[in-house]
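Have the model open while you read.

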Amino acid sequence: MTSTPDLPTSAPVDPAALPRSRVFSGVQPSGLPHVGNYLGAFRSYIAMQEHHDAIYCIVDYHALTSTHDGELIRRNTHEMALGLLALGLDPERAVLFRQSDRPEHTELAWLLSTVVPVAWVERTPSFKEKRRNQPQDINHGLLTYPVLQAADIAIYHAKYVPVGKDQAAHLELAREIVRAWNARYGDYFVEPAAVFSDAPIVKGTDGVNKMSKSLGNVIDIFAEPEMIRRQVMSMVTDTQRILRTDPGRPEVCNVCQLHRFFSPTEYESIWEGERSARTGCVDTKRLLADRIIAYFAEARERRRELAARPGFVEEVLQAGAARLAPLARETMAVCHDRMGLGPVPR
Ligand code: TYM
């Protein structure tokens, strides 16, 4: 089943233009989804469910490497699934499931880990970052995190993986891991290719760092409109525009950049207003807050409706995991066979 990815790994891709294939992606249960998740990845999840055989996963095993509050992980897993469904992920077209409901992922991670030189995982940028950010808790799971991610993808032979650019190194490593396994045990796993959107790295409200829950610089999708407004109004704009009369530089202003997505037919005139100082940063932010609130209004309503249906999310997650059982088991059976696990064949 091996195939060479026919994609450059960095260009934005129109999901509809790709040949029909298996798609996989995962998201950590970090609570409410934010605009970075949406523009960088979730939009692509939803677009790809139309033309592909799509599988999406809430990765609660991965979350254990940073959060040790079980109740929080469980609640956030439910919340993230609810958010994805409200945003348009359709369980009739795509599979949505909870990683820990398919424990084969952890077994495959172990099998794959035996072909991974330690140096490969030690040099992963996310490991170095976590080492800096949580020095009190450099657990072994952090080191092996990308191997589990490779297993998530490989177990279903997924070819395309819609993700933000922050996942590029993990995807590159997943390809190397699959190649190493195939070289040792014979061609079997597909080398996956990252699919980036046209917003591969969305900056946070600080205007510098990637938007990220852990950095506290997010614009939430499902927060109350007043909260969204507060988050947008706190955004750092063009730091060289000091006076209201100074011309703005939309190319470096994060507020202007977000207007590209939330005011798609108008952003050029908004940018022109900034350049000529006809409009000030506060005006441009107010407009952005209005646009973001309006853009997600329907999803917010749908989230309310779905949340009122007891058991709905849980049913979707369990049905998703059940649908994947034959595929996951088949992959494990092939791995056992090739790797020499189990009884001597008669
Ligand atoms: P996570 O949970 O951090 O993020 C989920 C998805 O959202 C994207 N994303 C962003 N894109 C652009 N700009 C941003 N500021 C931004 N913030 C988040 C991420 O790139 C990601 O696509 N390790 C993964 C989860 C994972 C996974 C997988 C992904 C586990 N197994 C297998 C793909 C395939 C993660 O922590 O994503």
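Helices here are DSSP runs of at least four residues, numbered from the N terminus. With that in hand, H7 gives the largest share of the lining of the second largest pocket, at 7 residues. Keep in mind that this is a predicted model.

So what does the rest of that pocket look like? Its volume is about 310 Å³. The lining runs to 18 residues, and Ala-109, Ser-113, His-140, Thr-144 and Val-147 sit nearest the centre.

Now for the helix pair. At what angle do H10 and H12 pack? The angle is about 35°, with the axes of H10 (residues 254-262) and H12 (residues 281-295) 10 Å apart. Their crossing is left-handed. On the H10 side, the contact is made by Val-255, Cys-256, Leu-258, His-259, Phe-261 and Phe-262. H12 brings Thr-284, Lys-285, Leu-287, Leu-288, Arg-291, Ile-292 and Tyr-295 to the contact. Sorted by type, the residues of this contact are 9 nonpolar, 2 polar and 2 charged.

Last, confidence. Mean pLDDT for the chain is 94, and 97% of its residues reach 70 or more. Residues 1-10 have pLDDT below 50, though this stretch does have 30 contacts in the model beyond near neighbours in sequence.

Key: Residues numbered from 1 in each chain as written. Predicted model: local features only at pLDDT ≥ 70, side-chain atom pairs only at ≥ 80, totals over all residues. Heavy atoms only, no water. 1 Å grid on protein atoms, 1.4 Å probe; cavity = no way out; pocket = protein on both sides within 12 Å on 5 of 7 lines; lining within 4 Å. Points joined across faces, edges and corners; volume = space filled by probe spheres on them. Helix = DSSP H or I, 4+ residues; strand = E, 2+ residues; numbered from the N terminus. Axes fitted to C-alpha atoms, helices over the stretch in contact; angles between N-to-C directions. Left-handed = near helix turned anticlockwise from the far one by under 90°. Contact = heavy atoms within 4.5 Å. Nonpolar A, V, L, I, M, F, W, Y, C, P; charged D, E, K, R; others polar. pLDDT = per-residue confidence, 0-100.
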